[in-house]
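Please keep the sequence and the model in view while reading.

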Amino acid sequence: MENIAISDLSNQKSLETTFSELTERWRKETQMMSSITKKSKHPAYQEIISMGTPVLPLILRELKRQPDHWFWALVAISGENPVSSESNFDRAVETWLEWGKNRGLI
């Protein structure tokens, strides 16, 4: 049992490290882009999406720490979109953070 816990901890650290590296690369390489579509199609962003549901808490934590356009990733991974079409950026951030809290992801 103890080995499983150590393995799980190692996997979580690896997931966090990979997520942080991809996030840094995404931000660096898209900082001058005004198109949210282009930013969301960036290879690092797409790789984050491919990490699936285990990365949801990390995205939500990052959204809280430094709000950015994580909405496409959140929708793609969760299959949900709690944000209304009338919401502005700040309201969308708040809505996703509420969504995460309600699901125990934050």
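Q: At roughly what angle do the axes of α5 and helix α6 cross?
A: This is a predicted model, in which local features need pLDDT of at least 70, side-chain atom pairs count only at pLDDT 80 or more, and totals for chains, interfaces and linings use all residues. Residues are numbered from 1 along each chain as its sequence is written, and side-chain values use heavy atoms, with hydrogens and water left out. Axes are lines fitted to C-alpha atoms, for helices over the stretch in contact, and angles run from 0 to 180 degrees between N-to-C directions. The axes of α5 and α6 (residues 89–102) come within 11 Å, and the crossing angle is roughly 35°.

Q: Which residues of α6 does α5 meet?
A: Contact means heavy atoms within 4.5 Å. On the α5 side, the residues are Phe71, Leu74, Val75 and Ser78. Their partners in α6 are Phe89, Ala92, Val93, Trp96 and Trp99.

Q: How many residues of the contact of α5 with α6 are nonpolar, polar and charged?
A: Ala, Val, Leu, Ile, Met, Phe, Trp, Tyr, Cys and Pro count as nonpolar, Asp, Glu, Lys and Arg as charged, and the others, Gly among them, as polar. By these classes the contact of α5 with α6 has eight nonpolar, one polar and no charged residues.

Q: Are α4 and α5 roughly parallel or roughly antiparallel to each other?
A: Helix α4 (residues 56–65) packs against helix α5 (residues 71–78) at an angle of about 155°, with the axes 11 Å apart. Angles under 35 degrees count as roughly parallel, over 145 as roughly antiparallel, 65 to 115 as roughly perpendicular and the rest as oblique. The two helices α4 and α5 are therefore roughly antiparallel.

Q: Which residues of α5 make the contact with α4?
A: From α4, the contact involves Leu56, Ile59, Leu60 and Leu63. From α5, the residues are Phe71, Ala73, Leu74, Ile77 and Ser78.

Q: Within what arc do the buried residues of α3 fall?
A: Buried means under 20% relative accessible area, exposed over 50%, and partly exposed in between (1.4 Å probe, protein chains only). In helix α3 (residues 43–50), the buried residues are Ala44, Tyr45, Ile48 and Ile49. Seen down the axis of α3, they line one face of the helix, because they fall within an arc of 145°.

Q: Which exposed residues does the face of α3 turned away from its buried side carry?
A: This face lies opposite the buried side of α3. The exposed residues there are Pro43 and Ser50.

Q: How many helices does the protein have?
A: Helices (H or I, at least four residues) and strands (E, at least two) are DSSP runs, numbered from the N terminus. The protein has zero strands, and its helices come to six.

Terms used:
Arc of directions from axis to C-beta.
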